[in-house]
Amino acid sequence: MAIPNDRMLIDGELVAAGRGRTFDNINPATEEAVGAVPDADAADVERAIGAARRAFDGTDWSTNVELRRRCLVQLRDALRANVETLRSLLVAETGCPVSLTPGIQLEQPISYIDHYIDLLERYEFERTLPTKNIMGMPTDRIIRREAAGVVAAITPWNYPFYLNICKVSAALAAGCTVILKPAPDTPWSALALGAIAAEHTDIPPGVLNVVTTSDNNVAQLLATHEDVDAVTLTGSTATGRKVMAAAADTVKRVTLELGGKSAALLLDDAPLEAIVPGLAGGVCFHAGQGCTQLTRLLVPRPRLDEALALAVAAMKNVSWGDPTDPTNIMGPVVNAAQRDKVLSYYESAARDGRVVLGGKPTDRFERGYFVEPTLITDVDPKAAVAQEEIFGPALVVLPYDDDADGVRIADSTIFGLSTAVFSADQDRAMAMARRFRTGTVSVNGGQWFDVESPFGGYKQSGLGREWGTEGLEDFLEVKTIAFLAAAG
């Protein structure tokens, strides 16, 4: 089934950019333009904001829970019906391996909408406190949770469909209206979502809007405009700082899911041969373009050589190349700038430490933004490659001296998104897990990534949480209503 992917959704209509401007959507595996995308200007964004404002202020969307639930069911079902078309769009614009689309890149997020569909059946948007004498007055109180208002959702290019669904489904479930602005590198994932919502759901005009633009100055309107009540962003920490500063003048509610430099700490009793291969291969999924990927491997100093040998063997066996080949788990990075950034980190690693595997530009393919799986060691834990988010298939292996040293190194970055710890002693690993300053911790391979688990970071990895009940409540305001209790 064809899905329009060349029109924005504004006020219930699929439209071109106001001035007819477009920009190219580039396939990172071929470096070829695969389509033209509307290039919104400030007037287009103003129209979308105005539509969202009117829909929030002038309809019952924010209070009609049953309508919201029905629309989410319709959206889920329509996405499932169009999954094969969505799959081809996603692989073409992201370069993600098709092997990842049955999971987090595509099919899993569609099923995740069920989380908010189910939550709307049981969530208490209003509760009553017991009668209490306050300042001499017998008082009853109602605590209400109400939609925050107009939400600007700004999403990145690494897992675009998943992140569009994550933000849009939560905000809509809460009763907010939304302007979705995707990264210019991956616009189709958002435009297709908008088209499906417009054509197959009862979502009222203006409740969901999708705008695409290549101009960051145009996009910045979403963070500064007085009619936008909240901003939710997934992106780099540097971008998060800019959005937070831009939103400050109007004191918007801000939810930020930002960068990470996550560590896997292997304690001295951990079976390296059972753990290291999976961790080393894992950094190569989708070319390392994931904020929670465990890109630092911390091992006891006497076992460093053993860990390196296991990691080399695993990374040599990673299948990478054409993202349409279902045997590959790694394709290209998203664009030329990202390729050059990753290669600059590889050069830095060669200067500051030792590159055990990879680390050079690849001539394996004639076209495409491909980089090699790379293994790095002998760097100071404070070196750039051990501190900064590379967003490429690079693993830094660091030795540590004792448990306290391991925790210190794991927590030594500005980030606090995720950590993993491994030990033959579960109680010891659990005790370590409680020491980390991160929003999620995996103990001996336990999986925290689930719609019922709140996700977000400490420190400069962000503010707020996604999924869980907390993901809904990030888009809700709290109101207290007090009134005199009836005479007993």
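The largest pocket is lined by 36 residues, and those that lie nearest its centre are Leu233, Gly235, Ser236, Ala238 and Thr239. This is a predicted model, where local features need pLDDT of at least 70 and side-chain atom pairs count only at pLDDT 80 or more, while totals for chains, interfaces and linings use all residues. Residues are numbered from 1 along each chain as its sequence is written, and side-chain values use heavy atoms, with hydrogens and water left out.

A pocket here is an open set of points on a 1 Å grid over the protein atoms alone, where a 1.4 Å probe fits and protein lies on both sides within 12 Å along at least five of seven lines; lining residues have an atom within 4 Å of a point.

Among the elements that give two or more residues to the lining of the largest pocket are strand E10 (230-234) and helix H9 (237-248), where helices (H or I, at least four residues) and strands (E, at least two) are DSSP runs, numbered from the N terminus. H9 provides the largest share, seven residues.

The space in the largest pocket is about 1000 Å³, a volume being the space filled by probe spheres set on the points, which are joined across faces, edges and corners.

Turning to the second largest pocket, its volume is about 890 Å³, and Thr292, Gln293, Gln447, Trp448 and Phe449 lie nearest its centre among 30 lining residues. Strand E18 (418-422) is one of the elements that supply at least two residues of that lining, and E18 gives the largest share, four residues.
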